[in-house]
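Subject: Structure handover, charged side chains

Hello,

The structure is below for your records. My notes on its charged side chains follow.

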Amino acid sequence: MATIFSRIVKGEIPCYKIAEDERFFAFMDINPVAVGHTLVIPKREDDYIFNLGDEELGAMMVFAKKVAKALEKAVPCKRIGVAVIGLEVPHAHIHLIPIRQESDMDFKKEHVHMTEDEFREVQQRIVENL
Ligand code: 5GP
């Protein structure tokens with residue numbers, strides 16, 4: 001069965017898309033820990049990031065770097081934090097999170113609540129900076 005992220009790539013489930021190329025896809029996390037929290041995935045399903053081949057993993061990081069650079073410009077922050085968890089969705093993904101301090105990476109703290117309009121506005125700002 002296709003993962004929820006594969007269904008997002010196919011357009012079966014809506015998302016706030018940030019970028020895609022032939023192999024990778026970036027979209028905003030629906031339950032963000034910070035404004036601008038974005039996920040980068042390979043379109044090809046693999047449940048664990050460190051099962052990806054060296055070339056694919058490297059290319060995914062380079063794709064994530066482009067997204068991170070746009071995020072940095074679009075959202076006030078000091079840096080873009082990078083996290084890999086993958087306990088919830090069995091489809092390799094990298095979390096890109098705009099941070100000002102270490103605690104901004106805390107997945108256990110209360111997440112940010114964003115309206116659809118707020119998601120769209122941030123999405124647009126990120127996309128404009130790509
Ligand atoms: P992890 O697998 O790294 O523990 O967490 C999966 C992440 O995917 C979570 O941050 C969660 O909010 C996000 N997520 C889960 N389902 C969806 C979805 O349907 N759409 C979007 N945009 N994000 C999702």
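Arg79 sits in strand β4, which covers residues 79-83. The model is a predicted one. With a relative accessible area of 61%, Arg79 is exposed. On the surface, Arg79 gathers with Lys65, Lys69 and Lys73 in a patch of positive charge. Helix α2 (residues 54-74) contributes the most to this patch, namely three residues.

Salt bridges come to nine in the structure. Among them are these:

- Glu12 and Arg7 pair at 3.0 Å, N to O. Glu12 is partly exposed at 44% relative accessibility, and Arg7 is partly exposed at 35%.
- Glu20 and Lys43 pair at 2.7 Å, N to O. This pair links distant parts of the chain, 23 residues apart: Glu20 is in strand β1 (residues 17-20) and Lys43 in the loop between β3 and α2. Glu20 is partly exposed at 37%, as is Lys43 at 24%.
- Arg44 and Glu56 pair with their closest N and O atoms 2.9 Å apart. Here, too, distant parts of the chain are linked, with Arg44 in the loop between β3 and α2 and Glu56 in helix α2, 12 residues apart. Arg44 is partly exposed at 43% relative accessibility, whereas Glu56 is buried at 12%.

Shared partners join Lys17, Glu20 and Lys43 into one salt-bridge network.

Asp29 belongs to the loop between β2 (24-28) and β3 (38-42). Asp29 is buried but has no salt bridge, and the nearest side chain of opposite charge, Lys109, is 12 Å away. A polar atom of the Asp29 side chain does lie 2.8 Å from the backbone nitrogen of Asn31.

Regards

Definitions and conventions. Residues are numbered from 1 along each chain as its sequence is written. This is a predicted model: local features need pLDDT of at least 70, side-chain atom pairs count only at pLDDT 80 or more; totals for chains, interfaces and linings use all residues. Side-chain values use heavy atoms; hydrogens and water are left out. Patches are made of residues with over 30% relative accessible area and no salt bridge: like charges are joined within 9 Å, nonpolar side chains (Val, Leu, Ile, Met, Phe, Trp, Tyr) within 5 Å. Accessible areas come from the Shrake-Rupley method with a 1.4 Å probe; for residues, only the protein chains shown count as cover. A salt bridge is a side-chain nitrogen of Lys or Arg within 4 Å of a carboxyl oxygen of Asp or Glu. Lys and Arg count as positive and Asp and Glu as negative; His and the chain ends are not counted. The place of a charge is taken as NZ of Lys, CZ of Arg, CG of Asp or CD of Glu. Helices (H or I, at least four residues) and strands (E, at least two) are DSSP runs, numbered from the N terminus. Buried means under 20% relative accessible area, exposed over 50%, partly exposed in between (1.4 Å probe, protein chains only). A polar contact is a pair of N or O atoms within 3.5 Å; within protein, one must be able to donate a hydrogen and the other to accept it, and residues adjacent in sequence count only if both atoms are side-chain atoms.
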